[in-house]
Amino acid sequence: MEGGKPLGTLFRILILLVLFLTIGFYLDINQKDNKDVLIKEDSTLSMKQPISIPDTSSHAFTHPEKPKEGLAQFIGMNLNHFIDLMGKPQRIDRTLYGYDWYIYKDDYNHYFQAGIENNKVVTLYAIGKDLNVSPFEITEPVEEIFNTQFIDANININLNGNLYRFELNDSDLNSRPLMQIGDVYVQLYIDQFTGTLSSVRFLDAATLIKERPYELVYRGQLLEPLKPNSAQWKLIENSTEQEIFDLTNILRVRNNVKPLKWDEKTAKVAYGHSKDMAIHHDFSHTSKKYGSLSDRLKTSKVIYQSAGENIAAKYTDGPAVIEGWMNSKGHRDTLLNKEFTHLGVGVYEKYYTQNFIRKWSQ
């Protein structure tokens, strides 16, 4: 008996060690398989009767006033007046949410998108670092924002007698907090690798509710996005592809990396992969039908020296998915890789693929 106890103890220790190593190996493999995969579930939505949402018009806390300068002042402005001030856009893109993006891309440092619905500015997305996004500054340290602005985990909206509450989790507060200034709502996209403000989105209440970028509870009527037909989806997809291409180059230049050139054959490969993932509900870099990225590029006769891929799903739009990629190390490394020379982007509904290549001739 006495001689058997140490042996039994040693045996149990060996069993536990084997189990620990087995579990550790499984987790390591699982993480490696998913390091370049980014999926964001659709925002949680629930309807509560009754729901306790305070009327912010009589709330003791007073939100900061809407800025009298910078892009935020344009929310609610008539389109003709806006065009008189800002000029005509370089491109007009379709969206899923009822407004059109007017794209202003004079240069990388002044790029922004203005959302126009019913001849009125309803949202703005600003990423050019020299834009006036008062009371914020693109690339300013996040500590300055949190020290000077009130950030709440719950945003309450009373719109036309309907009550809504957006509920932000810890991840939202750290990477894309939401706040209110006057009658304008502001999404702040934080670059968590540099600790700075990457971009800003200004929205009116109705547009924020239609986009639903956070968990939402409500009472009353819910504002819904469009339900596009196939032709409308194609326009939206093409627009989102161009936005992702533009935004990729803006962020590469900001990080001292050369911008990429568009490659149409690679873009078709990317689109095929997004469509394949959507149709088969198989979110992976390797298609069961078409194989790996190298297989797909070879089949399409794309000649390249090296290649990389980013994929994502269920994001609101192009700006949202770009900021998501930039806050994920594997995706960020691919997006900012100095070796790549060309990019093809493929979007199918809410599935997104970036295929990067380095051509032999470069």
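The side chain of R201 makes a polar contact with the side chain of D317, at 2.8 Å. A polar contact here is a pair of N or O atoms within 3.5 Å; within protein, one must be able to donate a hydrogen and the other to accept it, and residues adjacent in sequence count only if both atoms are side-chain atoms. The model is a predicted one, in which local features need pLDDT of at least 70 and side-chain atom pairs count only at pLDDT 80 or more, while totals for chains, interfaces and linings use all residues. Residues are numbered from 1 along each chain as its sequence is written, and side-chain values use heavy atoms, with hydrogens and water left out.

Back to R201, then. Its place is in strand β11 (residues 196–203). Helices (H or I, at least four residues) and strands (E, at least two) are DSSP runs, numbered from the N terminus. R201 counts as buried because its relative accessible area is 1%; the cut-offs are under 20% for buried, over 50% for exposed, and in between for partly exposed (1.4 Å probe, protein chains only). R201 also has a polar contact of 3.1 Å with Y189, side chain to side chain.

Helix α9 (residues 318–326) is largely enclosed by the rest of the structure, because 9 of its 9 residues are buried. Among them are P319, I322, E323 and W325.

On a 1 Å grid over the protein atoms alone, a cavity is a set of points where a 1.4 Å probe fits but cannot get out, and lining residues have an atom within 4 Å of a point. By this rule there is 1 cavity of 30 Å³ or more. The largest cavity holds about 110 Å³ of space, where grid points are joined across faces, edges and corners and a volume is the space filled by probe spheres set on the points. Its lining has 15 residues, and L96, I236, T240, T316 and D317 lie nearest the centre. Helix α6 gives the largest share of that lining, with 4 residues. Sorted by class, the lining has 7 nonpolar, 3 polar and 5 charged residues. For these classes, Ala, Val, Leu, Ile, Met, Phe, Trp, Tyr, Cys and Pro count as nonpolar, Asp, Glu, Lys and Arg as charged, and the others, Gly among them, as polar.

Next come the rings. The structure holds 11 aromatic pairs. Rings of Phe, Tyr and Trp (its six-membered ring) pair if their centres lie within 6.5 Å; planes under 30 degrees apart count as stacked, over 60 as edge-to-face and the rest as tilted. One of the pairs is F74 with F82, which is edge-to-face at 5.3 Å centre to centre, with 80° between the planes. Both F74 and F82 are buried. Ring pairs link F74, F82, Y104 and F112 into a cluster. Another edge-to-face pair is F245 with W262, at 5.3 Å centre to centre and 90° between the planes. This pair links distant parts of the chain, with F245 in helix α6 (residues 230–254) and W262 in strand β13 (residues 261–262), 17 residues apart. F245 counts as buried because its relative accessibility is 12%, whereas W262, at 26%, is partly exposed. A ring can also meet a charge: the charged end of K234 sits over the ring of Y271, 3.9 Å from its centre. That label applies if NZ of Lys or CZ of Arg is within 6 Å of the ring centre and within 35 degrees of the ring normal.

A cis peptide bond, with omega about 10°, joins S134 and P135; P135 is in the loop between β6 (120–126) and α3 (142–148). N119 is not a glycine, yet its phi is positive, about 60°, and N119 is found in the loop between β5 (112–117) and β6. E349, not a glycine either, has a positive phi of about 50° and is found in the loop between β15 and β16 (351–358). Helix α2 (residues 79–86) is capped at its N-terminal end by N78, with a side-chain oxygen 2.8 Å from the backbone nitrogen of N80. After α2 comes G87, whose phi is positive, near 85°.

How values were computed: 1 Å grid on protein atoms, 1.4 Å probe; cavity = no way out; pocket = protein on both sides within 12 Å on 5 of 7 lines; lining within 4 Å.
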